[in-house]
Amino acid sequence: GDRVTVYWGRQAHNTGATHFKKAFEAAFQAEFGSERFKKCFQSWLRDWVKALRDQGIDNVLDMYVFDEDASQLARDFIRLIKEVAPETRVFLTITTTANLDAVRDVAPYLDVAVPHFQTWARNPEFWRILKENQVEIVPYFNVNPCSSPLEPHTVYRKMGWNSYRVGGVGFGTWIYFQPSFFGWTPPDMSMVYVKKSPLLEDGDWPGAPERIAPGDLVITGKRWEGFRDGTEEYFYCRMLEKAAAAAGGETARQGRQLLDEAVAAITGSDDPAVADQWKRRLLVMLAELQNK
């Protein structure tokens, strides 16, 4: 069935818990943490979930409570949600505002974690904590044309492989294309630079056009192609994982070994030819298993 994620409201990231604490205390006429607050909050939350399900939203319903807020208050709110309505699934983005102690504290109460991949990529303890608590992992990749290389393979295609490497059940991106970030891409597709941007000391970049054509304000076809390839390859990994496990025995071991070697080789290299080579090997084994 479809997954529905409900974002609790519009507020600046990192401050969502403070915003809601004030709003709920005013509505309930009770201090956060009091028995009256808890009872009112329980009634409000359960009524809301029932109203959503009465409208047909009754498959997988995730509550996106706060945006990038792992403060003590945010964690207390999440604990309260699980205490008064344990059937409610909680979804949390985890970025630079969190540390490992905060992650350890909140992980037992999370159903879905959406970590900022670049922040946590080289922190194996972070991924271990989430897996140990059986949290679904959906990493997201910050693709910022003002500061990041947007090369189709190393950024877009490898998202799928990096997500699989950390145990992700999927992946996504956050792309900054607000009007103030209009960019220009050189012909080699290597970087996006911003015309007259405060991020550049001289306010300009040699060769950037004075005006940006509307077609240049969107992600190019090359990048979407890389994203498509990475998405397909992520599912090939999952398909081979499932098929090899079903076969059992030596086949299961060989499948797992091939997947581990492929993921290590592809995530450790920026050469598209390396990814193509390992992809072919995965598909050969997958085809053999499916034809048995």
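Buried here means under 20% relative accessible area.

**View 1. The whole chain, for orientation.** This is a predicted model, and its protein chain has 10 helices and 9 strands. Buried residues account for 43% of the 292 residues. Take the contacts between residues at least 6 apart in sequence: 65% of them join residues at least 24 apart. The chain exposes about 15,400 Å², with carbon and sulfur atoms supplying 53% of that area.

View 2. Strand E3 (residues 89–94) runs parallel to E4, and 4 bridges join them. One detail to look for is Ile-94, whose bridge partner in E4 is Pro-115. Between E3 and E4 the chain passes through helix H4 (residues 100–106), giving a right-handed β-α-β crossover. Strand E5 (residues 136–137) is also parallel to E4, joined to E4 by 2 bridges. Here Ala-113 stands opposite Ile-137.

**View 3. Ala-30, in the loop between helices H1 and H2.** The loop holding Ala-30 runs between helix H1 (16–28) and helix H2 (35–54). Ala-30 counts as buried because its relative accessibility is 11%. Setting aside neighbours within four places in sequence, Ala-30 is in contact with Glu-25, Arg-36 and Phe-37. Cys-40 is 10 residues from Ala-30 in sequence, and their C-alpha atoms are 8.8 Å apart. Cys-40 itself is partly exposed, at 22% relative accessible area. Cys-237, in contrast, is buried at 0%. Searching the whole structure turns up 0 disulfides.

**View 4. Two loop residues with positive phi.** Most residues other than glycine have a negative phi. Glu-68 is not a glycine, yet its phi is positive, about 55°. Glu-68 belongs to the loop between strand E2 (60–64) and helix H3 (72–84), and is buried at 17% relative accessible area. Gln-134 has a positive phi too, near 55°. Look for Gln-134 in the loop between helix H6 (124–132) and E5; at 73% relative accessibility, Gln-134 is exposed.

View 5. Side chains of opposite charge can pair when their charged atoms come close. The count for this model is 23 salt bridges. In one of them, Lys-38 meets Glu-35 at 3.5 Å, N to O. These two are 3 residues apart in helix H2, so about one helical turn separates them. Lys-38 is partly exposed, at 23% relative accessibility.

Lys-279 and Glu-233 form another salt bridge, with their closest N and O atoms 3.4 Å apart. Lys-279 sits in helix H10 (residues 272–290) and Glu-233 in helix H8 (residues 221–247), so this pair ties together parts that are 46 residues apart in sequence. Both ends are buried: Lys-279 at 17% relative accessibility and Glu-233 at 0%.

View 6. Asp-260 pairs with Arg-256 in a salt bridge, at 3.1 Å between the closest N and O atoms. They lie 4 residues apart in helix H9 (residues 249–267), so about one helical turn separates them. Asp-260 is partly exposed at 43% relative accessibility, and Arg-256 is partly exposed at 33%. Elsewhere, salt bridges with shared partners link Asp-101, Arg-104, Glu-125, Arg-128 and Glu-132 into one network.

How values were computed. Residues are numbered from 1 along each chain as its sequence is written. This is a predicted model: local features need pLDDT of at least 70, side-chain atom pairs count only at pLDDT 80 or more; totals for chains, interfaces and linings use all residues. Side-chain values use heavy atoms; hydrogens and water are left out. Buried means under 20% relative accessible area, exposed over 50%, partly exposed in between (1.4 Å probe, protein chains only). Contact means heavy atoms within 4.5 Å. Accessible areas come from the Shrake-Rupley method with a 1.4 Å probe; for residues, only the protein chains shown count as cover. Two strands pair if DSSP finds at least two bridges between them. A crossover is right-handed if, with the strands pointing away from the viewer, the path from the first strand over the helix to the second runs clockwise. A disulfide is a pair of cysteine sulfur atoms within 2.5 Å. A salt bridge is a side-chain nitrogen of Lys or Arg within 4 Å of a carboxyl oxygen of Asp or Glu.
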